[in-house]
Amino acid sequence: MELLFASAIGLLTAGGLYLVLRLRSFPVIIGISLLSYAVNLFLFGTGRLVVDLPPILQKGVEAYTDPLPQALVLTAIVISFGMTAVVVIMALGSFLSSRDDTVNIGPETPPEQPAQENEA
Amino acid sequence: MDNAAGFLPIIAALPFLGALFPGLMIQAGRNTCAAFTAAPTILALTLLLLCAPAVMRGEVLTFGIDWLPSLGLNVNFMLDGLGLLFAGMILGIGLLIILYARFYLSREDPMGQFYTYLLLFQGAMVGIVLSDNILLLLIFWELTSLSSFLLIGYWKHLPEGRQGARMALTVTGLGGLAMIAGMLILGNIAGSYDLSVILTQKDAIQASPLYLPALILILLGCFTKSAQFPFHFWLPHAMAAPTPVSAYLHSATMVKAGLFLMARMWPVLAGTPEWFWIVASTGLITMVMAAKIALFKDDLKALLAFSTVSHLGLITMLLGLGTKAAAMVAVFHIINHATFKAALFMTAGIVDHEAHTRDIKRLGGLRHLMPITFTIATIAALSMAGIPPFNGFLSKEMMLEEVAHTHWIGPAWMMGAVATLGALFSVAYSFRYIAHVFLGPKRSDYPAKPHDPGFGMWAAPAFLTVLVILIGLMPMTFAGELVRVAAQAVTQSEPTVKIYHWHGLVPAFWMSVIAVIGGAVLLRLHAPLMRLWNATPRPEAKVMFDAVTRAATALSTALTDGVHNGALTRNGAIFAVVVIAAGVLGYLGGGMAAPTREMLPVTLVPAIGWLLLMLATICLVAFHRNRFLALVLMGIVGLIVSMGFVYLSAPDLALTQISVEVVTIILLLLALNFLPRETPAESSVARRMRDAGIAVVGGIAVAGLTYAILLRDFAAESISVFHLANSYKGGGGTNVVNVILVDFRGFDTYGEIIVLGIAALVIFALTETVLKGPGGRWLSQWKADRYPEAGDRHPLMMVVATRVMMPIALMVGAYIFLRGHNQPGGGFIAGLIVAIAFLMQYMASGFAWAESRQRVTYHATIGVGVLIASVTGIGAWLAGRPFLTSDYGYLHFPPIEEFEWATAMAFDTGVFLTVVGAVMLALNSLSSMARRAGETVNVTPMDINPALSDAPGEKEA
């Protein structure tokens, strides 16, 4: 089971990394989402995998799942939604404004040097 | 003693507090402004004088507050003789400078700013000399670099001022960085960062193998600050500052900070051959070299600047000799130099102010026109030359006496000879200051008609000159005691202070005679020598400095441009590679424990889920160019992840993941409406191979890490045990995950909902901006004609179904919310479910239609949510508990069952409202783009008109 879990995270990371390195905004967003899955699963995994253990306190039960990573991942999922939403709007805004959805602005000419004081 | 020690932090704080006022008080006039600057200085000086009797008795006043004891950083202040001497000079001369600047600055200069900077600087300097903790001292040290930058660059319109300020900041700042490293080493050796402890650790420090590195690093800081060769070049360039600044920084304060530190560290660092060779040689070279340059400077302030460098070298050399007697002389010369040099700078300022030039070639004969200034300048300059009976003579004689008995390089008389040469140049430039400015015939071509200034302007230098004479005539009365306690602090032993004028026909006497006669001769020969000086090429420090800064700038530009050229892909690739490399490095560097956990067995259903996930991810990468397909595949991945959470005993996560999944997909679908449907293939094969390589290596690394973690138990006991044990007892809930969110880690959640709310507002703002710009104009002409659309925009079945589902979904939301504390659920999930319930209405009948039926704005929902969470948190204060401490209890209404209440429930309500508001605001913003693109508002819930077969029967609203 652990092997399946780890390999799934690995593949999600690999897919996410590959897509994040694409040139257009949409695949980058999808890539970030995949990375979010991977990271959330990884964080969840730090509590170690357990099956069929209760997450709710009950009388007479001693073994529980680890609640702490779950709580952290829960907020992480919600926050990654917020982040995805912001990135989507940024991508959309830049496409609408410039009719171009590439993510690179390319090497620019350096900004004007401040007045050449060194000669003074 | 205890009472007086309490003054120390106040003395250090007063200038900083006072710095708040000049900027305001300038509205009330320049005199008021100056008065409000002088007030904190006078107050601080008074408090210092109240401390003085105890220090004079030989006590060391200390005052300490623990600040960050774990780092060894404490707000410890200490006042001993050395501190008293410096603090007195800083505040006393500071007061004179405030007076002088009041009359020096013109009406056009922003005086409030000037005084604010000056007080900031004064506070930083006082902080340095009063600090007992070297980390605290370093903070003040850096503050002097920063505030002196502001002062030197005060005339912002002058390029010289800006360059001089930058150069001073660069040089002293870099030295300060080196010194931080040195101080940390020193603190490590001594086992404490408190000076009072360090000063007792001489043997341990000098025996340490790290003594030399620490010494060099600390001396770098001191030498840069005190403008010692080869870092002396910044000081003359700092002369572009207004003269009061020069007089203050370069007589009593900034450049003396380096000397102060060398004196402060003298008990532990001095006395070794390393110390002697580095410090004494640097001082001697600086002294002679700068004195020679000073002779050939035509600018009055440049002359004084180089003479300052020279005298700083003299004092450095004395400290470097490492003998107690020499250290005593150094202390004495610090006092003398401060008095005559501040006075000289002020007279230079007066000449500049009245004659409108400080070029010596254009001056001369001023003694008739400015008799008062002439008198002051002459006395101060003679003292600088070391002519009896002024105070400069006394310390110079004692210096020569010390040097005459010291063996440096070469023959035994070598050091004495070199020092005499330095004194000779010193006499020459001092005489020149008198002869070429004030003596000689009156000229007719002064840029302005020179005359003595008003009393306000010459009062300060005159006062200093009186000190010069008094100390010169009666040294033991006026300076003896101060020198004694200060020297006692430097040498940590009782010194014998005997200052007198006539030593007999000792070597120092003859060296002095040679210096005075030689200096006079040199001045005679000045004109031909000047021609020779101008004819010989010499290295120009500024050119070298500029070249070095340019090279450094070019290097950093090349580096940042190489890494960060605006290409996100490049950044991402570099980031990924660096992170992977760091991970690999860590993996190679440390061992790994053997696995301690058994693997869980694999059953059929999870195996199928895994297979689907892998397939979906692979397909997603393979077919990512088809964006709709990619979205569908991403949905599959999300669903399987949710199911995985169910299987792995995390129902809360599963609920959250699946609702977030729905919302995310809807969001992306809405966005895709306006984005291209396909991603073009444009990167080269090599590029793709590179990315695939990075991705595969990264994936394997993460998989390996995960696998390694999963097979091993916790290294230390998990704090989850605490949460499990206290969830019901302390938080009143059996769903531990929810109790952690709203109670144990409530502060985290509080921050999270605020972030979420901000994200939603950012989305709203971005949308508004885009719609107002060219994007909005383009959208209004946008035609969705590229793809066929369904004839019924809002299908009947969907409308009916969502209407029926709305109350059910809200009910589910309420149920999930209420059970959250004890069963899977809670504010986050309930918020998402309710948001989805609303979203279904939006999808069924259009955003605008649904929105017009909505009474509360989403902004308000977010705000109210955060507010409720805050009020709940603050409520705990009323009960005298920390922020967000929760409470709970049970209510019993007879017909109903026992009912639990918890303040955490109110907090969860805040979470719920914020999530609903944020999600809805985000999607609503996106939909506003659709409306701009011409989507019309329905009049009826279903806008399908079966009578029309060719087009959806919209009616314009």
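How much area do domain 3 of chain B and domain 4 of chain B bury between them, and what percentage of it lies on carbon and sulfur atoms? The legends below take up this question first and then turn to other close-up views of the structure, which is a predicted model.

**View 1. The interface of domain 3 and domain 4 within chain B.** In this predicted model, domain 3 of chain B and domain 4 of chain B together bury about 1700 Å², of which 83% falls on carbon and sulfur atoms. The contact is made by 15 residues of domain 3 and 20 residues of domain 4. Across this interface there are 0 salt bridges, and 1 residue pair is in polar contact, with both residues at pLDDT 80 or more. On the side of domain 3 that touches domain 4, the residues comprise 10 nonpolar, 3 polar and 2 charged. The two domains belong to a division of chain B into domain 1 (1-269), domain 2 (271-524), domain 3 (607-681) and domain 4 (736-957).

**View 2. The interface of chain B and chain A.** Between them, chain B and chain A bury about 9300 Å², with 76% of this area on carbon and sulfur atoms, and the contact draws on 117 residues from chain B and 82 residues from chain A. The interface holds 3 salt bridges, one of which joins the side chains of B:R627 and A:D101 at 2.9 Å, N to O. Polar contacts between chain B and chain A number 19 residue pairs, both residues of each pair being at pLDDT 80 or more. On the side of chain B that touches chain A, helix α31 (residues 685-710) of chain B supplies the largest share, namely 16 residues. By residue class, that side of chain B consists of 72 nonpolar, 28 polar and 17 charged residues.

View 3. The side chain of B:S251 comes to 2.4 Å from the backbone oxygen of B:A247. When neighbours within four places in sequence are left aside, the residues in contact with B:S251 are B:I93, B:S246, B:K256, B:H337, B:A338, B:K341 and B:A342.

View 4. With neighbours within four places in sequence left out, B:T144 is in contact with B:F121, B:A124, B:M125, B:I128, B:K225 and B:M254.

**View 5. B:V762 in helix α34 of chain B.** B:V762 is located in helix α34, residues 746-772 of chain B, and is classed as partly exposed because its relative accessible area is 34%. From B:V762 to B:A404 the separation is 358 residues in sequence and 75 Å in space, taken from C-alpha to C-alpha.

**View 6. The helices of chain A.** Chain A contains 3 helices and 0 strands, so that its elements, followed from the N terminus, run α-α-α. Of the 120 residues in chain A, 62% count as buried. Among the contacts within chain A that link residues at least 6 apart in sequence, 56% are between residues at least 24 apart.

Key
Residues are numbered from 1 along each chain as its sequence is written. Chains are lettered from A and ligands numbered from 1 in the order in which they are written. This is a predicted model: local features need pLDDT of at least 70, side-chain atom pairs count only at pLDDT 80 or more; totals for chains, interfaces and linings use all residues. Side-chain values use heavy atoms; hydrogens and water are left out. Contact means heavy atoms within 4.5 Å. Buried area is the accessible area (1.4 Å probe) that two parts lose on being put together, summed over both. A salt bridge is a side-chain nitrogen of Lys or Arg within 4 Å of a carboxyl oxygen of Asp or Glu. A polar contact is a pair of N or O atoms within 3.5 Å; within protein, one must be able to donate a hydrogen and the other to accept it, and residues adjacent in sequence count only if both atoms are side-chain atoms. Helices (H or I, at least four residues) and strands (E, at least two) are DSSP runs, numbered from the N terminus. Ala, Val, Leu, Ile, Met, Phe, Trp, Tyr, Cys and Pro count as nonpolar, Asp, Glu, Lys and Arg as charged, and the others, Gly among them, as polar. Domain bounds come from an automatic or database domain assignment. Buried means under 20% relative accessible area, exposed over 50%, partly exposed in between (1.4 Å probe, protein chains only).
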